[in-house]
Structure formats: structure tokens, C-alpha cells
Amino acid sequence: MMCQSEARRGPELRAAKWLQFPQLALRRRLGQLSCMSRPALKLRSWPLTVLYYLLPVGALRPLSRVGWRPVSRVALYKSVPTRLLSRAWGRLNQVELPHWLRRPVYSLYIWTFGVNMKEAAVEDLHHYRNLSEFFRRKLKPQARPVCGLHSVISPSDGKILNFGQVKNCEVEQVKGVTYSLESFLGPRTYMEDLPFPPATSCDSFKNQLVTREGNELYHCVIYLAPGDYHCFHSPTDWTVSHRRHFPGSLMSVNPGMARWIKELFCHNERVVLTGDWKHGFFSLTAVGATNVGSIRIYFDRDLHTNSPRYSKGSYNDFSFVTHANKEGIPMRKGEHLGEFNLGSTIVLIFEAPKDFDFKLKAGQKIHFGEALGSL
């Protein structure tokens with residue numbers, strides 16, 4: 001009898017062992033993962049995390065029963081090799097297209113992103129040999145009249161993400177999501193002629209930038225979409241004395257991503273130009289993004305962005321003030337300043353009197369040459 005009962009229970013026992021096997025194997029695997037170094041652990045858990053977010057809800061629930069937790073969406077996105085992808089995209093942009101292929105390729109791009117080719121200096125699509133030339137197309141001189149009545153104009157086409165006074169050394173990239181002013185601009189160690197010591201707190205760093213009594217610090221964030229005019233210009237009459245280049249990530253800077261990732265602009269590669277205008281401190285920062293590793297400043301031939309190797313958190317400084325040129329680089333309002341390879345973000349941070357008034361609304365579309373604000 002016992003032999004018969006054991007014979008009947010044999011299949012059940014084997015089935016139970018087969019059901020236990022995946023969980024035992026997973027526990028062993030997770031135990032091995034816990035002993036790995038952080039880079040190796042991230043590499044091994046990345047495919048499972050991708051499946052977790054792509055598959056229907058509950059498909060990978062057995063994994064949670066044995067102690068596995070998915071990487072957060074933000075951490076998953078940060079692990080994407082955006083710099084490598086951007087370099088590959090940059091090389092693809094340089095490939096010369098056959099004459100017969102140019103019109104259909106550019107027409108698709110125009111239709112997708114709503115490009116207005118009537119404003120382009122050259123409307124003939126066959127003129128642009130590759131995607132890079134098309135992205136960096138120039139405009140007709142009369143397409144963007146520069147407003148002469150207001151002291152600060154928009155340096156580019158784009159969408160206004162945020163603007164206003166800088167408060168508590170925090171700047172809003174979009175409403176409700178901020179980043180640190182000092183993390184974004186970096187320390188003021190390059191200024192040898194400062195009459196005060198280096199900043200030791202948030203307020204003292206802000207006070208270093210506000211050099212005149214009664215002034216305030218203001219900011220304006222302009223997002224350039226892929227279909228926008230990709231060059232940027234001087235927003236006012238000012239003198240550029242210094243450039244600071246921060247190598248970094250190249251994550252997307254579209255408004256949705258800016259709401260999702262705190263201090264996004266501090267993570268991304270950027271070029272900070274600082275100097276002075278008639279009211280004190282003035283800075284313009286070009287922030288890189290996915291497929292926009294190439295940031296070009298026309299008067300700065302030593303600038304090279306999206307290099308294959310860089311140290312996280314590092315930056316390099318370059319001064320335009322020399323023994324031969326003690327003033328720096330003078331820029332006139334509306335003068336060509338630089339360009340992106342696709343679309344990205346411009347951040348203005350500047351000092352102005354308390355009665356400075358922005359002529360803007362958050363979310364509005366703006367063109368180069370239109371007024372940002374004035375006294």
C-alpha cells in the first residue's frame with residue numbers, strides 16, 4: 001500500500017520540485033548579484049528592468065517574491081549611453097546624401113517637426129548636402145528683426161520654460177523643479193580680481209554674482225525644439241570674459257523630461273559664457289542634449305564638446321581676458337554667437353535692477369530678436 005501511495009505522490013513531488021526550482025535558482029542568482037560591484041550589478045540587472053517596464057503588469061511578479069527590485073525609471077534612463085548615441089548621430093549627420101534622396105528626407109523632417117522653410121536663406125532642399133547643414137540652416141535677414149526698444153532679447157527661437165528672479169540660489173528648469181545655481185554655473189574660482197573671498201554659503205555665492213547694490217538676479221530658460229532655428233545670438237550688448245565647459249550626460253531636455261529629472265541641466269554637458277553688461281553680471285549657458293553633443297561658439301576655436309572620455313563632475317575654464325585683450329569679447333545685441341547641431345536649451349542668468357520686467361508668459365513660443373524684458 002505504501003509503495004502504491006508513494007508511486008501516486010511521485011508526480012506531485014516532482015511537480016513541487018519543478019515549481020520550487022525557479023525560485024531557488026533566482027535566489028542563488030540574486031545572491032550572486034549582491035556580491036558584484038556596482039557597475040557589474042547595473043549591467044546585469046538592466047535587461048530585467050527593461051522587461052519589467054515593457055511587459056504587462058505582473059508578468060515579472062515572481063521576481064519580487066525572491067527579493068528583486070527594478071531600477072527606477074530615472075536611473076534606467078540615466079544608464080542609457082546617450083553620449084555614444086549622440087556621437088553616432090553626429091557622424092550620421094555628416095554623411096552626404098545623394099541628390100535624389102535629399103528632398104524626401106528633408107520633407108519628412110519638415111513635416112514631422114513643423115519647420116518653416118520660407119524663413120530659410122536657401123529654400124531649395126537640394127542645396128543641403130547632409131542633415132547637419134540642414135539643421136544649421138541660416139535665416140533670411142528680414143525673418144528675425146531685432147527689437148531695439150528692449151534691453152534683453154531672445155537669443156534663439158524656442159519655448160519659454162521658466163523665467164523670473166533667482167530665489168534661495170535655486171533656479172527653476174520648469175515650474176516646481178529646481179536646480180542649484182552654484183552647481184549649474186560652478187564655483188567662481190576663476191575670478192582673480194574678486195574683492196571678496198570664495199562663497200561659503202548659498203547667499204554668499206549669489207552675492208558674488210550681484211555686484212551692484214539694489215540689483216537682483218534673474219533667469220530665463222528657453223527650450224529649442226528639433227524644428228526650431230538652431231543658431232543662437234547675443235541677447236544684449238555685453239562683454240564675454242570667460243568660458244566654462246562642463247562635460248556630462250546628454251539626456252533629453254524636452255519639457256517632459258525636465259519635469260521628471262531634478263537638476264537635469266546640471267547633469268548635462270553645457271558651455272557657460274560669463275561676463276558683464278551695463279547692469280553687472282551676465283551669463284548665457286548652452287545646454288547639450290541627446291543627439292546635440294555638438295555645441296559651437298563661433299569665437300571659441302578651442303572648445304570641443306562630447307569627447308569620448310571625461311571625468312564626472314569635472315570642468316575646464318578658459319579666459320578671454322589676456323594681456324593683449326583686457327576687455328574680453330565684445331558682443332552686440334543680435335550678433336551671431338553659436339549653434340547647436342539639433343535642438344537644446346539656452347539658460348540666461350543675469351543681474352539687473354529691481355524694476356526689470358519680463359515681457360513673457362511661461363510656455364509661450366518666442367523667436368530670436370523678440371523682447372524678453374526691459375527696465
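This is a predicted model: local features need pLDDT of at least 70, side-chain atom pairs count only at pLDDT 80 or more; totals for chains, interfaces and linings use all residues.
1. **Annotated sites.** The UniProt record, an unreviewed entry, places the feature "active site" at D157, H233 and S344. These positions spread over 188 residues of sequence, yet they cluster in space. The largest C-alpha distance among them is 14.2 Å.

2. The unreviewed UniProt entry lists "modified residue: Pyruvic acid (Ser)" at S344. S344 sits in the loop that runs between β13 (336-340) and β14 (345-353). Is S344 buried or exposed? Its relative accessible area is 0%, so S344 is buried.

3. **H233.** Strand β6 (residues 231-233) holds H233. Its relative accessibility is 2%, under the 20% cut-off, so H233 counts as buried. Which residues does H233 touch, leaving aside neighbours within four places in sequence? The contacts are P155, L284, G334, E335, H336, L337 and F368.

4. **D157.** The side chain of D157 forms a salt bridge with that of R144, at 2.6 Å from N to O. D157 lies in the loop between β1 and β2 (158-165).

5. **A three-stranded sheet.** The strand order is β1-β17-β15, in an open sheet with antiparallel pairing. Strands β1 and β15 stand at the edges, each with a single partner, so one side of each has no neighbour in the sheet. Strand β1 (residues 152-153) pairs with β17 (residues 371-374) over two bridges. Here I153 stands opposite A371. Strand β15 (residues 357-358) also pairs with β17 over two bridges. In that pairing, F358 has G373 as its bridge partner.

6. **R244.** This arginine is in strand β7 (residues 238-246). R244 counts as buried because its relative accessibility is 1%. How far apart are R244 and N316 in space, C-alpha to C-alpha? The distance is 5.7 Å, although 72 residues separate R244 and N316 in sequence. A polar atom of the R244 side chain also lies 3.2 Å from the backbone oxygen of L185.

7. **R244 and D317.** Side chains of opposite charge can pair when their charged atoms come close. The side chains of R244 and D317 meet in a salt bridge, 2.6 Å from N to O. The pair links strand β7 to strand β11 (residues 316-319), across 73 residues of sequence.

8. **E339 and R296.** In this salt bridge the closest N and O atoms are 3.7 Å apart. It falls within the 4 Å cut-off, so the pair qualifies. E339 belongs to strand β13 and R296 to strand β10 (residues 295-297), 43 residues apart. E339 is buried at 6% relative accessibility. R296 is partly exposed at 43%.

9. How many salt bridges does a search of the whole structure find? The search gives 13. A network of salt bridges links R136, K138, R296 and E339.

How values were computed:
Residues are numbered from 1 along each chain as its sequence is written. Side-chain values use heavy atoms; hydrogens and water are left out. UniProt positions are given in the numbering used here, feature names are shortened, and annotations may be inferred rather than shown by experiment. Helices (H or I, at least four residues) and strands (E, at least two) are DSSP runs, numbered from the N terminus. Buried means under 20% relative accessible area, exposed over 50%, partly exposed in between (1.4 Å probe, protein chains only). Two strands pair if DSSP finds at least two bridges between them. Contact means heavy atoms within 4.5 Å. A polar contact is a pair of N or O atoms within 3.5 Å; within protein, one must be able to donate a hydrogen and the other to accept it, and residues adjacent in sequence count only if both atoms are side-chain atoms.
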